[in-house]
Amino acid sequence: MADALTWAGETPVERAARPRLWWEVAIVLGLSLGQSAIYSIVTIIDRSTQSTPLADQKADVNPVQSSREVFDFLYQVLGNLFPLFAVALVVYLLWQPHRSGFRRIGFDLTRPARDLGGGALLFLVIGIPGILFYAITRLLGITVAVQASTLDAHWWTVPVLVLAALRAALQEEVIVVGYLFTRLRQLGWGTWSIILGAAVLRGSYHLYQGFGPFVGNAIMGTVFGWCYTRWGRVMPLVVAHTIIDIVSFVGYPVAVALFPHIFA
């Protein structure tokens, strides 16, 4: 059951207050994942109109930033830390007197066992089928070869990939679910309109990887959104997303070695 202090406690605001909220949502998304969605849409149009088929194209998720190790390390860390300011911003915007932004979206440590359990369950339900779905869409030719990590092997490679996974999880779940669900609820949207709208947004900023990842991430967004409306907590979603991305990023070299025709 949803926590009465989070999702179930949100009610639409008066119509006079809604334009300000719309502007706030537009600014937040323009500074974060909405911007990524626009670039991704332009990228898929570019990719789809090239002579090279999508199946023969590649997309790097965690590329090398410099040929010099120390600067590659610095660029990787900075590139994963600065996007977290948008996460901090939405938590700040959701803050209310006597009610923190963390508490409002269930992004806290008050239920660690339940959150870890829920996150692990979501990983099993979404993560493993998601990998299989990617493989199928690669074989169908509607997904580019997503290189989850092209980083060279250094002492810091795995920690940086874990940081990248955590950053992606915090960005997507706190902003697209915790923040956006709250604001759209205040703007008078219905539950399923919110779930499906956020799911389409989630899929859209993965379009640069092809049409398969758009569909797969939209499905993931639908499941995650439904769970949030049931649980009232974003923390299990962050746990699940982090595990999914760690497995994808760190396990990428193994996947290439075992299935080069799909992942290479």
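**Note on the predicted model**

1. Among the elements of the chain, helix H12 (residues 260-263) has the lowest mean pLDDT, 56, while H4 has the highest, 98. This is a predicted model, and over the whole chain the mean pLDDT is 90, with 92% of the residues reaching 70 or more.

2. The buried residues of H3 are Asp72, Gln76 and Asn80. Because these residues cover an arc of only 55° around the axis, they fall on the same side of H3. As for what lies against them, the buried residues of H3 pack against helix H4 (84-93) and helix H7 (157-186).

3. Helix H8, made up of the 14 residues 191-204, reaches 20 Å from its first C-alpha to its last, which is close to the 20 Å expected at 1.5 Å a residue. The buried residues in H8 are Ile194, Ile195, Ala198, Ala199, Leu201, Arg202, Gly203 and Ser204. The cover over these buried residues of H8 includes helix H1 (18-31), helix H2 (33-48), H7, helix H9 (211-231) and helix H10 (235-250).

4. Leaving aside neighbours within four places in sequence, Arg202 is in contact with Glu172, Glu173, Val177, Asn217, Met220, Gly221, Phe224 and His241. Ser204, also placed in helix H8, counts as buried because its relative accessibility is 10%. With neighbours within four places in sequence again left aside, Ser204 is in contact with Ala37, Ser40 and Phe214.

5. The unreviewed UniProt entry lists, under "transmembrane region", residues 21-45, 73-95, 116-136, 156-180, 187-205, 211-231 and 243-263. Two of these spans can be set against the model. For residues 187-205 the end C-alpha atoms lie 23 Å apart, and the span is 74% helix and 0% strand. For residues 211-231 the end C-alpha atoms lie 30 Å apart, and the span is 100% helix and 0% strand.

6. Is Thr143, a loop residue, buried or exposed? Thr143 sits in the loop between helix H6 (112-140) and strand S2 (145-147), and since its relative accessibility is 0%, Thr143 counts as buried. Leaving aside neighbours within four places in sequence, the residues in contact with Thr143 are Leu54, Ala55, Tyr134, Thr137, Arg138, Gln209, Gly210, Gly212 and Pro213.

7. Which polar atoms lie by the side chain of Thr143? The side chain of Thr143 makes a polar contact with the side chain of Thr137, at 2.9 Å, and a polar atom of the Thr143 side chain lies 3.4 Å from the backbone nitrogen of Gly212. A further distance concerns Val61, which is 82 residues from Thr143 along the chain, the C-alpha atoms of the two being separated by 14 Å.

Conventions:
Residues are numbered from 1 along each chain as its sequence is written. This is a predicted model: local features need pLDDT of at least 70, side-chain atom pairs count only at pLDDT 80 or more; totals for chains, interfaces and linings use all residues. Side-chain values use heavy atoms; hydrogens and water are left out. Buried means under 20% relative accessible area, exposed over 50%, partly exposed in between (1.4 Å probe, protein chains only). Helices (H or I, at least four residues) and strands (E, at least two) are DSSP runs, numbered from the N terminus. The arc is that of the directions from the helix axis to the C-beta atoms. Contact means heavy atoms within 4.5 Å. The expected span of a helix is 1.5 Å times one less than its number of residues. UniProt positions are given in the numbering used here, feature names are shortened, and annotations may be inferred rather than shown by experiment. A polar contact is a pair of N or O atoms within 3.5 Å; within protein, one must be able to donate a hydrogen and the other to accept it, and residues adjacent in sequence count only if both atoms are side-chain atoms. pLDDT is the predictor's confidence in each residue, from 0 to 100.
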